[in-house]
Amino acid sequence: MRTKILIVAEHSPDKIMPLTWEMIACAKEIERQIQAQVAVAVLGKDVLPQAGWLAADAGIDAIAVTGDSLERYTAEAYISVLYELACELRPDLIIIPHSPRGYDYAPQVAVKLNAACISGAAELDFYDGKIGFCRQGFHGKMAITMESSRPVTVITILPGAFRYDGRRAERNGTVTIRKTQVMLKATRSVGTIYAEEQNANLRDAETIIAAGKGIEKIENVELLNELAHVFPKSAIAGSRAACDQGWIAQSLQIGLTGKTVAPKLYIACGISGALQHIAGMKDSQTIVAVNRDPAAAFFQHADFGVVEDISTFIPALITEFRKKA
Amino acid sequence: MKILVCVKQVPDTEARFSVAADNKSLRYDKDTVYRMNRFDEFALEEALRIRETINPSVVDVVSVGAGRVRNIVRRAMEIGADNGFHILLEQEGYLSPWTTAGLIAGFAAKKAYDLILTGATSEDDMHGQTGQMVAEFLNIPAASSVMLEQLQEKENTIYVEREIDATEREAVILNLPALLTIQSGINTPRYPALSHVLRARQQDITTIVPDELGPIYGYEKIRNITSVPAARKCVFLDGTVEQKAAKLREILRGKSLLI
């Protein structure tokens, strides 16, 4: 029997988000291992173009679900519409992005369908005709393979975990349009609010000095600033925890809920290394981690590691860097 | 306003552990320090701030887990929660968000809360599912990763801003009762005041034994736990602090990263 896979696309009015292609890559990986049938659903008021692009480029069947309640994203509409769709199509596996929208509605879809829910899957494992979903846990220190005990499974996949090869499919998938009558009962969307961008120099920086909770006090941000001055084209950034403390501006946050960067040099100071942060900087060319905890997960993602306290090591480093050659 | 805050106890970030022989669970060292999930601290603080603006209000706090979990229920009461509830589950090891959410929903269903708050995710498991699942079990609307909320008492609704990233938010209005998962950074959690600590010591924590709350289900299980494969081969610099600094300088100069 074929495993039916339903992907829920993430899109904007004029483009398909990269995460959608990553979900397709994930589904294709499953298709190579077990008998599977893949479809992608695009939800919105006018999403026929997006469905068309997906059917043509990825060669999978696309379903455009349209309706007034889908004009703007709301969890309520997504949950009801996906429930409706799943009752009809009976997918065995529903793939949702692990994005601020995806994780907003995925758990409810699972509950409604009496399905298992596995979030933040980053890798697949195949055994006895089953699929294992690998995710990280325990503060990013361990890799956990989870399996579903239910006939229906909802997964969210981690951004950047699966790579689409970019090859155009040989033949087009079909495009189906469905109208939904789902009405919003308890939710009203107001719209999107943008804060001022203050991170222009983060994008252009060749060296990023990033602070984590392990820098321990705001006074140490000054040390990191001083260190940054040693490098040309450098910038300061922070993990979510450092930004939450108010040590670093929120607009300079790196990670899943912040910015994605790939500088030539990334120096992580006192950052534990949870995947939420790693996802935003793992493609940096050279990565240096400084942490007093020798078991910090960050060392698994670094080229060079220094096990020291920030307040002793950074001043030593600044002194060393300032020495004449 | 009747508010419920759901809190989780997590091992400290630097806690030491080993993988059990079956590769399916972790054993934390005996001296492990357990504390409140950081995200839940923000949820509790947000509830206390709402109580300060809307009179009368009551803030209940609930947690699911083994006996040690009582400590964070007590902690939440010291910080300012009015009543503490502990859903006792003497089962160490993996606890599915389904199970936790099912138990909390079973408890909350009888209590008629106007608002349920919890952290956006937990620091240890990082599923980010429990809050949304509680909402679905109770059939109430939910918003996750909330960075701002304003109650609209007359309309019996709540205005909410959800975080998309550091510079973008999504605004939505939900009918009450509603559930919000609170994103970290929304506020600065307070420390317990001495008067609250003294009061909390005298208060009882209500223990609930799950049989009263219906079945416990876990829909997914752990197949195995391994260390995270190293994405890069990390070279640890050794020596004194000064020697490490000198080595790093040489490495960066060698790569032309430092002039």
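In this predicted model, seven residues of domain 1 of chain A are in contact with seven residues of domain 2 of chain A. On the domain 1 side of that contact, the residues sort into two nonpolar, four polar and one charged. As for where the two parts sit along chain A, domain 1 covers 3-179 and domain 2 covers 200-322. Their C-alpha centres are 33 Å apart.

Within chain A, helix 3 makes a handy example of a helix. Helix 3 runs over residues 75-89, which gives it 15 residues. From its first C-alpha to its last, helix 3 reaches 20 Å, close to the 21 Å expected at 1.5 Å a residue. Quite a few of its residues are tucked away: A:Ala75, A:Glu76, A:Ala77, A:Tyr78, A:Ile79, A:Ser80, A:Val81 and A:Leu82 are buried, and so are A:Leu85 and A:Ala86. Just after helix 3, A:Arg90 takes a positive phi of about 50°.

Next come the strands. Strands of a sheet pair through backbone hydrogen bonds, either parallel or antiparallel. Here, an open sheet of six strands shows parallel pairing, and its order reads 15(A)-14(A)-16(A)-17(A)-18(A)-15(B). The edges are taken by strand 15 (234-238) of chain A and strand 15 (235-236) of chain B, each of which pairs on one side only.

Strand 10 (residues 142-148) of chain A and strand 14 of chain B run in the antiparallel sense and are linked by seven bridges. In this pairing, A:Ile144 faces B:Ile225, which belongs to strand 14 of chain B.

Zooming out to the whole contact between the chains, 78 residues come from chain A and 68 residues from chain B. On the chain B side, the elements that give two or more residues are helix 4 (130-138), strand 9 (142-152), strand 10 (157-165), strand 11 (168-175), strand 14 (220-227), strand 15 and helix 6 (241-254). The chain B residues on this side split into 34 nonpolar, 14 polar and 20 charged. For the complex, the predictor gives an ipTM of 0.92 and a pTM of 0.89.

Now for chain B on its own. Chain B has six helices and 15 strands, and its C-alpha atoms fill a box of roughly 65 × 45 × 40 Å along the principal axes. Of its 259 residues, 46% count as buried. If one takes the contacts in chain B with a separation of 6 or more, 68% of them link residues 24 or more positions apart. The pLDDT of chain B averages 93, and 98% of the residues score at least 70.

The bond from B:Asn55 to B:Pro56 is cis, with omega near 0°, and B:Pro56 sits in the loop between helix 1 (38-53) and strand 6 (58-65) of chain B. The bond from B:Leu176 to B:Pro177 is cis too, with omega near -5°. B:Pro177 is found in the loop between strand 11 and strand 12 (178-182) of chain B.

B:Met126 has a phi near 60°, a positive value in a residue other than glycine. This residue is placed in the loop between strand 8 (115-119) and helix 4 of chain B. B:Met126 counts as partly exposed because 19 other C-beta atoms lie within 10 Å, while a residue needs 20 or more to be buried. B:Ser145 likewise is a residue other than glycine with a positive phi, near 50°. B:Ser145, however, lies in strand 9 of chain B. With 26 other C-beta atoms within 10 Å, B:Ser145 is therefore buried.

Technical notes: Residues numbered from 1 in each chain as written. Chains lettered and ligands numbered in written order. Predicted model: local features only at pLDDT ≥ 70, side-chain atom pairs only at ≥ 80, totals over all residues. Pairing = 2+ DSSP bridges. Helix = DSSP H or I, 4+ residues; strand = E, 2+ residues; numbered from the N terminus. Domains from an automatic or database assignment. Contact = placed C-beta atoms within 7 Å. Nonpolar A, V, L, I, M, F, W, Y, C, P; charged D, E, K, R; others polar. Expected span 1.5 Å × (residues − 1). Buried ≥ 20, exposed ≤ 12 C-beta atoms within 10 Å, placed from the backbone. pLDDT = per-residue confidence, 0-100.
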